[in-house]
Amino acid sequence: MAGNTSKKISAASARAHTRKSKQSGKNPFRLSSNMIAPIAVGVLMSFLGYAYLAIRPPAPKTCGSPGGPPVTSPRVKLSDGRHLAYKEKGVAREEAKFKIIVCHGFGDSKDFHLPVSEELIKELRIYILSFDRAGYGESDPNPARSVKSEAFDIQELADNLHLGPKFYLIGISMGAYPVYSCLKYLPHRLSGAALVVPVVNYWWQFLPTKLSKEALEKLLVQDQWVFRVAHYTPWLLNWWMTQKWFPAFSTMEGKLDGFSRRTWRSLNSHLELQKRDRGKYCNKAFMSACIDMIVGFGKWEFEPTDIDNPFPNNEGTVHMWQAYEDKFIPHELNRYLSQKLPWIQYHEVPDAGHLLIYNATLCEAVFKALCSS
């Protein structure tokens with residue numbers, strides 16, 4: 001009897017609770033407003049954390065650091081504690097008549113091959129100094145890297161190696177913006193300069209809007225978008241270059257569409273040389289390339305048309321070598337720039353592409369023209 005009475009009381013209590021819930025119109029399992037807010041905040045924070053990790057560039061492993069690649073090249077230490085790796089070629093610097101510093105292009109290093117004959121080097125007494133720009137190869141990255149900082153890296157490199165008060169410069173492709181920087185900030189240190197298929201920033205203010213727009217639209221669509229991201233949303237570039245939804249930069253995907261057929265032979269030999277040393281640099285190459293794009297296509301501290309003639313008394317010359325068939329740097333833009341800066345000696349090569357520097361005849365023409373100044 002006691003057991004039946006207990007069951008009846010429990011059932012009655014359950015019915016009473018159900019009636020009370022129905023009467024109040026409340027669902028006992030419904031989340032209160034006090035609970036929804038913390039959950040929403042938690043979901044939002046989780047999403048933001050994922051997004052931050054996706055767009056944040058990975059920390060590069062510097063050469064010589066624990067877990068990083070070994071240092072195998074000579075390096076100089078800069079005033080801010082960073083190191084620049086370098087490579088020397090040609091006659092001894094003490095005996096050289098022409099001391100030439102070469103700035104490599106996008107995704108490259110000091111080890112790229114310049115097809116200059118030993119005969120020409122000895123005849124003109126040329127000393128060639130190539131170096132890994134900040135973050136590339138065995139050089140340390142520069143967190144504050146800018147167009148301006150590149151000039152002072154070059155100056156410190158030259159002074160550490162005792163090149164003397166003046167030197168010559170050659171900048172290739174993306175390596176041209178350090179040359180522009182030296183022309184702007186260190187003209188007194190230059191004996192001459194050569195800009196070879198030099199990078200153009202499609203957002204330079206002096207360029208006519210129609211001209212820059214048409215030139216940009218000549219590029220592969222995927223490359224157009226990479227440059228736009230680098231310019232407008234640089235913080236997003238790391239994600240853009242690694243995501244799988246849209247195609248990223250064509251050359252980093254191994255596509256040859258951006259190169260003219262005339263350059264394919266030079267490209268194949270160039271890629272073989274890069275492949276030879278890829279193991280040493282791959283852990284930093286991606287990060288360095290992204291920063292290079294951000295600096296090159298971002299907002300500069302000046303524009304090329306702000307540069308005064310560095311040699312008003314004709315004591316030196318500045319040359320620009322532009323390939324007519326270049327599919328990465330449309331010739332119309334550099335042709336226009338050379339017209340705005342008449343002190344630049346403009347050479348437009350009709351049957352060459354972006355890799356003209358790897359053509360032995362053209363490469364030696366660049367050196368001969370520079371040394372003749």
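**Helices and a sheet: a quick tour**

Okay, let's start with a helix pair: L211, S212 and A215 in helix 6 meet E332, L333 and Y336 in helix 10, where contact means heavy atoms within 4.5 Å. By class, that contact has four nonpolar residues, one polar and one charged. Here Ala, Val, Leu, Ile, Met, Phe, Trp, Tyr, Cys and Pro count as nonpolar, Asp, Glu, Lys and Arg as charged, and the others, Gly among them, as polar.

Before going on: this is a predicted model, with local features needing pLDDT of at least 70 and side-chain atom pairs counting only at pLDDT 80 or more, while totals for chains, interfaces and linings use all residues. Numbering runs from 1 along each chain as its sequence is written, and side-chain values use heavy atoms, leaving out hydrogens and water.

Back to our pair. The axes of helix 6 (residues 209–216) and helix 10 (residues 331–340) come within 9 Å and cross at roughly 150°. That makes helix 6 roughly antiparallel to helix 10 (the label is for angles over 145 degrees, on a scale from 0 to 180 between N-to-C directions).

Which way do strand 6 and strand 7 pair? Strand 6 (residues 190–196) and strand 7 (residues 318–323) pair in the parallel sense, over four bridges. V196 stands opposite W321 in strand 7.

Technical notes
Helices (H or I, at least four residues) and strands (E, at least two) are DSSP runs, numbered from the N terminus. Angles under 35 degrees count as roughly parallel, over 145 as roughly antiparallel, 65 to 115 as roughly perpendicular and the rest as oblique. Two strands pair if DSSP finds at least two bridges between them.
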